[in-house]
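Visitor: I have a model open and would like to talk through the packing. Can we start with the helices?

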Amino acid sequence: MDRVAFNNLVAKAIAGDKDALNAVITESFEDIHFYARTILKDEDLAADAAQSSCEEIIKTIGNI
């Protein structure tokens, strides 16, 4: 997905569109997980960190 399309999804998610929020998480999870693995050097810790990050996004995206 290109940056413009992703930014549009984020804007919709911020506005409360739950389908857009789901798409943002789906599009972002692999990158978040990769970044966590790179930093933590442990698959289990990275999976937990990625999941926690996505949960935090879900809880706070409307507060931006």
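Guide: The axes of H2 and H3 come within 8 Å and cross at roughly 145°. Axes here are lines fitted to C-alpha atoms, for helices over the stretch in contact, with angles running from 0 to 180 degrees between N-to-C directions. Helices (H or I, at least four residues) and strands (E, at least two) are DSSP runs, numbered from the N terminus. This is a predicted model: local features need pLDDT of at least 70, side-chain atom pairs count only at pLDDT 80 or more, and totals for chains, interfaces and linings use all residues. Residues are numbered from 1 along each chain as its sequence is written, and side-chain values use heavy atoms, with hydrogens and water left out.

Visitor: Which residues in H2 meet H3?

Guide: On the H2 side they are Leu21, Ile25, Phe29, Ile32, His33, Ala36, Arg37 and Leu40. Their partners in H3 include Glu43, Ala46, Ala50, Cys54 and Ile58. Contact means heavy atoms within 4.5 Å.

Visitor: And by class, what does the contact of H2 with H3 have?

Guide: There are 14 nonpolar, 3 polar and 2 charged residues. Ala, Val, Leu, Ile, Met, Phe, Trp, Tyr, Cys and Pro count as nonpolar, Asp, Glu, Lys and Arg as charged, and the others, Gly among them, as polar.

Visitor: Back up a step. How many helices and strands does the protein chain have?

Guide: It has 3 helices and 0 strands, in the pattern α-α-α along the sequence. The C-alpha trace spans about 35 × 25 × 15 Å along its principal axes.

Visitor: What share of the 64 residues counts as buried?

Guide: 22%. Buried means under 20% relative accessible area, exposed over 50%, and partly exposed in between (1.4 Å probe, protein chains only).

Visitor: Which residues make up the largest nonpolar core?

Guide: There are 10: Leu9, Ala13, Ala20, Leu21, Val24, Ile25, Ile32, Ala50, Cys54 and Ile61. Helices H1 (3–14), H2 (18–40) and H3 (43–60) each give two or more residues to this core, and H2 gives the most, with 5. A nonpolar core is a set of buried Ala, Val, Leu, Ile, Met, Phe, Trp, Tyr and Cys residues joined through side-chain atoms within 4.5 Å.

Visitor: What is Cys54 in contact with, ignoring neighbours within four places in sequence?

Guide: Ile25, Phe29 and Ile32.

Visitor: How far apart are Glu43 and His33 in sequence and in space?

Guide: They are 10 residues apart in sequence and 9.0 Å apart C-alpha to C-alpha. Glu43 is in H3 and is partly exposed, with a relative accessible area of 41%.

Visitor: Is Ser28 buried or exposed?

Guide: Buried, at 13% relative accessibility. A polar atom of the Ser28 side chain lies 2.8 Å from the backbone oxygen of Val24.

Notes. Polar contact = N/O pair within 3.5 Å; in protein donor to acceptor, adjacent residues only side chain to side chain.
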